[in-house]
Amino acid sequence: MLRRIAGDLFWTARYLERAQWRARLADVNYHLLLEVPPRDADPWEPLVQITGEAELFGVNYSRADETSVVSFFTFDRESPSSIRRCIELARSNLSPLRHLISSELWLEVNRLYLDAQSWSAETLARAGMSAFFTDLRDRFYTITGIIQSTMPRDLAYDFIQVGTMIERADSVARLLDVKYHYLLPRIEDLGGPADLRQWTAVLRSASALEAFRKLYGNAIRVDRVVAILLFDPSFPRSARFCAEQMAASLARIAGEGQAVTAPAGLASDHLLEVLRTGSAAEAIADGLHGFLLNVQNESAAIANLVFAQHMSLG
Amino acid sequence: MLKRTARPAAFRQIAAYSGRNMTDAQHTGSGVPDWKASMAGGQPLNEMFDVDGHPRPECARVAAYLLAMESGRLAELGERARRMFLGRGVTFNVYGNEAGSERIFPFDPVPRIISAATWANLEAGLIQRVQALNAFVGDVYGEGCILKDEVVPRDLIVGSPQFRHAAAGIKPPSGVYVTVAGIDLVRGADGSFYVLEDNLRTPSGVSYVIENRLIMTRLMPELIRALRVRSVEHYAADLTASLREIAPAGVNDPTVALLTPGPYNSAFFEHVFLSQQMGVELVEGRDLVCVDNKLYMKTVYGLRQVHVLYRRVDDDYLDPVVFRPDSLLGVAGLTAVLRAGNASLANAIGTGVADDKAVFAYTPAMIRYYLNEEPILPIVETYLLREPEVRQMVLREIERYVIKPTGASGGYGVVIGPRASGRELAEARQRIERNPGAFVAQPMISLSVHPTLTEESGASPALAPRHVDLRPFVLLGAKPRVLAGGLTRVALREGSLVVNSSQGGGSKDTWVLEG
């Protein structure tokens, strides 16, 4: 497989995963605020923090309210990680590979792209925020479904997996990091209804609420949320699960090539080890922020290494 | 075994003769004693029906099939074909289109028939022609015998913008320079095929030939089987075989790759199609690198050597070290790799010198010079306006000729004398007088016509005669291989002679019958 093709597949996967997370975050935040009137803390601010683009936001918008943040998040052409921009980038990375993927996949991604071109404050208002984001969420499910059902489990699939899992691990760590610190409640609120609602929202953002209840029942505690989202081996959006998949795909990619232990594989094995041996209690005790930052950094490092090894053209 | 440059003594006479008198050279080239009467004056030949309206023998069955059809059925077939093309993604120039709308090369469901006997003659003529042109390319970048013998004027070749000095040091061991040729043929009023133009650089259109047949096999399977139409589906296999056969000596299992300019090129669909049918990697310039005078592609597991590159990129963009330095479509150092003999290129650098419109006039002489044979296929008479007497003759009746710019002209368009306005003719005359070497003249050929489904506005679609041409594809490898038939292009607008896709043309499936 040409390095250029591998790179295109990798980035398509990353941008699709990124767009999905953004859509889910916006959706959950919106519903959260429906249930509870906003307090003094600005409820839309965390979304901006999650993208890591607070500075850019500040340039174009004077305040973080529902209108500005949803706009920045969803269809802003200037923002490099608005949902629309992610979809555009996914499509442009996928376009040259049209003949290598199933026609359904291309048609679906292209359809989403074409629709995204017409997004505006008006389209959102007309559709209604809830309906808009639910529909968007479903469209990403469709795309994922097509990938899973039509792609043979070959090198192309492994590069998509690696891209997806790296982005997912990074995203879940980012979600936890921002929410954990932004939501750091006043002592008197710990365990209170507001706290509970926020953590429920975090679980919803990862589509993990039902899975959580299966494991732990209704008692939502910080350490359990951290456990399912970081360390659970079976939940498909936990960082641990992502690391397992990442390592497996990298092993398959490396397995067919030279018998050299790949730096990317070593790095992903390390991350996997950290997530296999760690626990929520330890991570919280040692400083959750540091741990989450570490997951993000290691994911980025793995991405760079796999790119240099298999995809870069320079 | 391909015939190489041959210079027996007898040739010197013929060569000397051919070089002396331009008008004579034209006439000895064509094999048609009096072209004016047979072509310009005559009505276009209808390929399916004779003057009395009876179907020609090879078309009898198809004509009967069409006439027996319920009205509207043919239009339905046409619509089905269109949907199949769209569904299969047989589109062109759409990758660059941001809106994602697909355009297909219009397809006419009425097949064009060529009898076995006619084809046998065409095939022999095409092989002969391409072998001579191939020898010519090798000669002008090698010994230059044909130039020394003054059969072809040296200045025409060396002064051509398509002449590539970089090709001088490259000598493929296989002796093949023109691996893929697309020869444009037209059928005159006398029923004979004439060569209108050679395409020896990056000829395209074969993907439509294969796709058209695929669709027709679904639309009219019984007819194809009953007529025993010769298959075209093995073209990709033949192309792969030819490419492997021209690999550098001593390579056991040559790796072949197809170099494309990328998704924004209008022929990208064909590049994708062929690479998939052939089972070879489709690469862009940035996927390639030259190291130690060898050519490699950048794979996920490291560099993999490429032995034969089938390139659909023009010479100018092929190697920034030797040609345009700003090109991102090629790979630096490719020419050095070729010179070192570590890779083969299809087609070779500089083949454009042989498909120049001015050089075209000398192609019959080339066949005689290299092969010691009379040309089987006549060419359309081509007059070089650089010759004073010829120029006088043409300018006296400029309205009867088609004036075509040669490579040296800097891009003027074709002027079709019989259709041009007085002003256009005056301008053409001026241009010719200012720079006569930049133009050639040909008689206007009344291209044959073929019943084609037409859409008159308001009325239901009906069959009407439309002008067609034919582009067969010839492959040279260890041996010549000719695709049975080729691309029949049809001018969809009434009276139009313009058959290419960007200007209102479409295509038909071409059926060569088994003997």
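Two strands pair if DSSP finds at least two bridges between them. Strands themselves are DSSP runs of E with at least two residues, helices are runs of H or I with at least four, and both are numbered from the N terminus. The model is predicted, so local features need pLDDT of at least 70, side-chain atom pairs count only at pLDDT 80 or more, and totals for chains, interfaces and linings use all residues. Residues are numbered from 1 along each chain as its sequence is written, chains are lettered from A and ligands numbered from 1 in the order in which they are written, and side-chain values use heavy atoms, with hydrogens and water left out.

In chain B, strand β14 spans residues 439-443. P405(B) stands opposite F439(B) in this strand. Strand β12 (residues 401-405) of chain B runs antiparallel to β14(B), and five bridges join the two. Strand β11 (residues 383-384) of chain B also pairs with β14(B) in the antiparallel sense, over two bridges. Here Y383(B) has A441(B) as its bridge partner. Five of the five residues of β14(B) are buried (under 20% relative accessible area, with a 1.4 Å probe and protein chains only). F439(B), A441(B) and P443(B) point one way, while V440(B) and Q442(B) point the other way.

Chain B also holds an open sheet of three strands, in the order β6-β7-β8, with antiparallel pairing. Its edge strands, β6 (288-291) and β8 (302-305), each pair on one side only. Neighbouring strands of the sheet are turned by 45° against each other on average, direction ignored. Four bridges link β6(B) to β7(B) (residues 294-299). One bridge partner in β7(B) is K294(B), which pairs with V291(B).

In chain A, helix α6 (residues 103-116) and helix α8 (residues 129-150) have axes that come within 9 Å and cross at roughly 160°. Therefore α6(A) is roughly antiparallel to α8(A) (angles over 145 degrees). Axes are lines fitted to C-alpha atoms, for helices over the stretch in contact, and angles run from 0 to 180 degrees between N-to-C directions. Contact means heavy atoms within 4.5 Å. Residues of α6(A) that meet α8(A) include L105(A), V109(A) and L112(A). On the α8(A) side, F140(A), I143(A) and I147(A) are among them.

Helix α14 (residues 263-277) of chain A has 15 residues.

Technical notes:
The expected span of a helix is 1.5 Å times one less than its number of residues. Buried means under 20% relative accessible area, exposed over 50%, partly exposed in between (1.4 Å probe, protein chains only). Angles under 35 degrees count as roughly parallel, over 145 as roughly antiparallel, 65 to 115 as roughly perpendicular and the rest as oblique.
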